[in-house]
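Hello,

Here is the structure for your files. My notes on its aromatic contacts follow below.

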Amino acid sequence: MPHSASACSIRPATAADISAIRTVASVAFPATYGAILTAAQMDYMMAWMYAPQSVAAQMTDDGHRFFLAEDAGGRPIGYVSVGPAEGADCELHKLYVLPAWQGRGVGSALFATALQWARQEATGATRLVLHVNRHNAAQRFYRRMGMVIERSGDFDIGHGFFMNDYIMVRPLHDDGPTPERTTHSQTHC
C-alpha cells in the first residue's frame with residue numbers, strides 16, 4: 001500500500017529519468033484513457049509521446065521541463081511536464097500520477113511545481129495552458145487548480161487519430177486557487 005502524500009518528493013527530472021517517466025506512463029496513461037480511446041490510438045500515442053527518443057527530444061529540442069515525484073523509497077509515482085508555448089502562454093504538457101497514489105496530494109504538488117516553474121522561468125508568459133481530453137475525469141482536478149475551459153478543439157495527430165480536447169487556461173499571476181508553493185529543487189508532496 002502506498003505511503004501518504006507526505007512520504008513523497010518531487011525533483012527535476014533528467015535524461016537519466018526517462019525510464020522512470022516511461023514506467024509511470026505505462027501504467028497511468030492506460031488507466032486514464034482505457035475507457036476513452038481505442039487500444040490502437042493508445043498504442044500510437046504511447047509510441048509517439050513516450051518512446052525513449054521522444055522523451056529525450058521533448059527534454060532537449062522541445063524545451064519541456066519534467067519533474068518526477070517519487071515515494072519515500074525513491075520509486076517513481078508521477079511526473080509533470082511544462083514548457084514554453086506560443087505567445088504569452090506556458091503549456092502544461094503532461095501530468096500523470098499512478099492510480100494508487102491519486103487523491104493523496106501528489107497531483108496537486110506536481111501542478112504547483114509546474115505553476116511555480118512557469119512563473120519563474122517562462123519569461124513573458126502570462127497564462128498556463130493545457131489540453132485535456134473532453135472525457136477525461138481530470139478536468140475536475142484542473143478546475144480545482146484554478147483552470148477554466150477556454151475552448152475545445154479536435155487535433156489531428158496522424159494515422160487517422162484525433163485528440164478531442166478542451167483547452168484550459170489559468171493566469172500565471174493571479175490570486176485564484178493556488179496549490180502549495182514549491183521550488184525547483186527537491187520538494188515534498
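A search of the whole structure, a predicted model, gives ten aromatic pairs. Rings of Phe, Tyr and Trp (its six-membered ring) pair if their centres lie within 6.5 Å; planes under 30 degrees apart count as stacked, over 60 as edge-to-face and the rest as tilted.

Take Phe29 and Tyr50. Their ring centres are 6.1 Å apart and the planes meet at 65°, so this pair is edge-to-face. It links distant parts of the chain: Phe29 sits in helix 1 (residues 18-33) and Tyr50 in helix 2 (residues 39-50), 21 residues apart. Helices (H or I, at least four residues) and strands (E, at least two) are DSSP runs, numbered from the N terminus.

Tyr50 also pairs edge-to-face with Tyr79, at 6.2 Å centre to centre and 75° between the planes. Tyr79 lies in strand 3 (residues 76-84) and Tyr50 in helix 2, so the pair ties together parts 29 residues apart in sequence.

Buried or exposed? Phe29 is buried, at 1% relative accessible area. Tyr50 is buried at 2%, and Tyr79 is buried at 0%. The cut-offs: buried is under 20% relative accessible area, exposed over 50%, partly exposed in between (1.4 Å probe, protein chains only).

Ring pairs join Phe29, Tyr33, Tyr50, Tyr79 and Tyr96 into a cluster.

Residues are numbered from 1 along each chain as its sequence is written. Local features need pLDDT of at least 70, side-chain atom pairs count only at pLDDT 80 or more, totals for chains, interfaces and linings use all residues, and side-chain values use heavy atoms, with hydrogens and water left out.

Best wishes
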